[in-house]
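This note records points for a colleague's review of the structure shown below. Please read the numbered paragraphs alongside the sequence and the coordinates.

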Amino acid sequence: MQDSQLIETQNLVKKFPMGRETLVALDNISLSFSKGEFSGIIGPSGSGKTTFLNIIGTLDVPSEGNVNVLGAQVENLSHKEAAQLRNRHIGFIFQTFNLLPVYTVFENVEFPLLLQGVPVDKRKQAVMDALDWVGLADRAKSRPNQLSGGESQRVAIARAIVKKPSLILADEPTANLDAENSHNVLQTMVQLNQELEATFIFSTHDEKVIQYLRRKISLIDGKVVKDEAMDLVAQPS
Amino acid sequence: MMIFKLAIRNILGAGLRTWLNVIVLSLAFVTIILSIGINQGLVTQISTSMIKSEIGSGQYWQANYDPYDPFSLQDAHAVIPGDIEDLIEQKKAVPVLLTQGTIYPQGRIMPVFLKGIPAEQAVLQMPSAALGTGDEELPALVGARMAKSAALNLGDTVTLRWRDKNGTFDAKDAVIVHIMNTTVGTIDNMQVWLPLTKLQEMMGLPGEASLVIVDENIETVPEVSGWDFKDQDFLLKDFRELIKTRAIARSIFYVLLLFVAVIAIFDTQFLSIFERRKEIGTLISLGMTKAKVIQLFTLEGALHGFLAALVGAAYGIPLINYLARRGIDLPQSSDSFGLALGHTLYPTYSTMLVLSITVFILIVVTIVSYLPTRNISKLNPTDALRGRL
Ligand SMILES: Nc1ncnc2c1ncn2[C@@H]1O[C@H](COP(=O)(O)OP(=O)(O)O)[C@@H](O)[C@H]1O
Ligand SMILES: [Mg+2]
């Protein structure tokens with residue numbers, strides 16, 4: 001693996017038992033991603049996008065093949081090591097936002113830092129910075145149920161980036177947002193990708209997302225059918 | 001610390017469900033502590049009055065004396081030996097002579113125990129002094145229960161019949177000079193108290209006794225041949241056995257009570273893990289280990305116990321204090337248990353008791369909170385995030 005390559009999968013296969021048969025959700029995938037990418041896995045529902053992100057995100061393990069994420073071999077990680085890798089270096093953004101309902105916006109964003117044991121002063125600063133980036137500093141004391149969908153997803157983005165992770169995995173982040181909020185959220189992410197040099201990998205079948213991507217990997221029935229780089233075309237405004 | 005804060009937020013966030021659990025559990029706390037306190041009060045109260053009016057620090061039994069064999073009573077008497085006589089003279093002991101007899105109240109026949117006791121004794125808390133004040137030929141003292149069952153009133157004359165040392169029947173009229181109210185059934189039911197010297201005279205046994213009761217404050221007594229010293233433990237054995245049997249029945253009640261309270265918590269935990277599986281997936285994606293998530297949910301459950309202890313303390317401590325001070329009035333019918341209870345029961349509590357019950361309940365709640373979290377270790381985080389199990 002070259003230094004600039006953050007992620008590399010070799011002949012990655014993921015099978016799920018389906019009664020008597022097995023379902024091949026990911027079929028022999030060999031891909032690599034380098035630092036700073038803004039890429040997307042594109043495919044219809046059931047094509048294996050989430051499964052791929054889960055394995056990259058160390059939440060799941062491959063059935064066959066090798067997966068190297070941030071220098072760690074995913075299939076060999078212990079639970080604890082995987083948890084630590086996620087906590088320090090991987091940010092997740094979900095379709096359904098997944099904020100902790102009993103925490104305030106501030107505390108939701110603070111949570112990963114609490115897990116890391118970051119001291120309080122640094123923590124406060126980092127949380128307010130992250131909320132500034134997503135434009136929600138004034139909502140720090142709100143609860144998730146007081147936020148709109150767009151605001152919720154921006155809080156989730158703040159929670160993902162507050163620890164300045166190397167990798168951010170966004171699984172259909174706009175699926176529950178209207179057009180305006182989708183663009184808003186994506187522009188925020190483009191900006192963070194540039195300012196923080198964080199690598200973004202999306203899963204999506206949303207045209208609005210696809211137009212922002214600089215690399216489009218098409219997945220059908222668990223197979224990569226296309227992998228095209230967009231070579232810095234003008235970003236839509 | 002973070003887990004603690006999150007756990008508190010989570011259970012307070014669950015609102016009504018949490019408070020229902022907490023209230024049910026606090027009721028279990030208070031009921032169990034209260035009823036153990038009542039039981040302890042009952043045991044102390046009964047054993048204290050038994051000691052004060054019957055047992056003392058122990059009793060010397062004449063070698064033939066066997067309270068379980070009334071037919072042996074006829075031979076259970078002897079001259080009081082010098083060592084014991086010394087104790088009596090120092091007012092540290094009181095002799096009692098005992099025999100079977102019969103009374104004939106209003107033409108009925110009633111078997112009784114005739115007991116001779118010195119009127120001037122101060123070792124036992126009973127109004128024996130009443131036997132020494134009047135000028136009746138044969139004054140008699142009975143308890144209120146005895147008076148009731150024999151329909152005897154103050155001043156009544158009743159015929160006594162007994163056998164003297166040779167086994168010859170004799171009879172005499174006695175006058176009821178006092179009716180005593182006592183909680184101790186064993187000095188009341190079927191007992192007729194007479195002046196010791198009179199009974200000795202009636203039986204032809206001057207200077208003799210069947211048993212000698214030692215004052216409750218005397219700790220060591222001499223060994224005397226022909227007389228067995230039975231200590232408090234021995235004399236309270238039957239009572240303690242009875243209490244033990246009751247304790248078993250009562251602990252079934254506690255277990256049931258705790259079970260009901262704890263089932264609610266188990267249920268809540270189980271539901272909460274099911275309903276919040278997506279949250280669990282999120283926590284894991286944020287870098288929490290499963291072990292930490294299990295800690296979190298166990299702590300949430302255990303906090304119900306702490307809240308219940310606080311809530312229970314808020315209304316339980318004033319209630320318990322009030323009852324301990326004011327006492328609990330007992331219905332007259334409880335008299336028929338034959339236990340020396342009195343009319344008011346004062347529950348007693350020790351800090352140790354309350355603490356150990358609290359700790360015990362908290363441990364049970366924690367274990368019960370932990371059990372459903374085993375589902376978390378089986379949970380696949382990717383399934384959890386998809387909202388599946
Ligand atoms: N835990 C699982 N058990 C069985 N089948 C699964 C499981 N997770 C995903 N699948 C199946 O794998 C395939 C890919 O799923 P997924 O990765 O969620 O696709 P996508 O995210 O592209 O919609 C689907 O057919 C899905 O039903
Ligand atoms: Mg998906």
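This is a predicted model: local features need pLDDT of at least 70, side-chain atom pairs count only at pLDDT 80 or more; totals for chains, interfaces and linings use all residues.

The points below concern the interface, a surface patch and the salt bridges.

1. Extent of the interface. The size of an interface is often given as the accessible area lost when the parts come together. Here chain A and chain B bury about 2,100 Å² between them, and carbon and sulfur atoms account for 65% of that area. To the contact chain A brings 24 residues and chain B brings 20 residues.

2. How many salt bridges does the rule find between chain A and chain B? There are two across this interface. A:Glu107 and B:Lys5 are joined through their side chains in a salt bridge, with an N to O distance of 3.7 Å. Six residue pairs, both members at pLDDT 80 or more, are in polar contact across the interface of chain A and chain B.

3. The chain A side. Which helices of chain A each supply at least two residues of the side that touches chain B? They are helix 1 (49-56), helix 2 (79-89) and helix 3 (105-116). Helix 3 of chain A gives the largest share of that side, namely five residues. By residue class, the side of chain A that touches chain B comprises 12 nonpolar, six polar and six charged residues.

4. A nonpolar patch on chain B. On the surface, B:Phe4, B:Ile8, B:Leu12, B:Trp19, B:Ile23, B:Leu27 and B:Tyr315 make up a nonpolar patch. Together these residues have about 590 Å² of accessible area. Helix 1 (2-13) and helix 2 (16-55) of chain B each contribute at least two residues to the patch, while B:Tyr315 is placed in helix 9 (residues 290-326) of chain B.

5. Salt bridges over all chains. One pair within chain A is A:Glu151 with A:Arg139, whose side chains form a salt bridge at 2.9 Å, N to O. A:Glu151 belongs to helix 5 (residues 149-161) of chain A, and A:Arg139 to the loop between helix 4 (120-133) and helix 5, so the pair ties together parts that are 12 residues apart in sequence.

Key: Residues are numbered from 1 along each chain as its sequence is written. Chains are lettered from A and ligands numbered from 1 in the order in which they are written. Side-chain values use heavy atoms; hydrogens and water are left out. Contact means heavy atoms within 4.5 Å. Buried area is the accessible area (1.4 Å probe) that two parts lose on being put together, summed over both. A salt bridge is a side-chain nitrogen of Lys or Arg within 4 Å of a carboxyl oxygen of Asp or Glu. A polar contact is a pair of N or O atoms within 3.5 Å; within protein, one must be able to donate a hydrogen and the other to accept it, and residues adjacent in sequence count only if both atoms are side-chain atoms. Helices (H or I, at least four residues) and strands (E, at least two) are DSSP runs, numbered from the N terminus. Ala, Val, Leu, Ile, Met, Phe, Trp, Tyr, Cys and Pro count as nonpolar, Asp, Glu, Lys and Arg as charged, and the others, Gly among them, as polar. Patches are made of residues with over 30% relative accessible area and no salt bridge: like charges are joined within 9 Å, nonpolar side chains (Val, Leu, Ile, Met, Phe, Trp, Tyr) within 5 Å. Accessible areas come from the Shrake-Rupley method with a 1.4 Å probe; for residues, only the protein chains shown count as cover.
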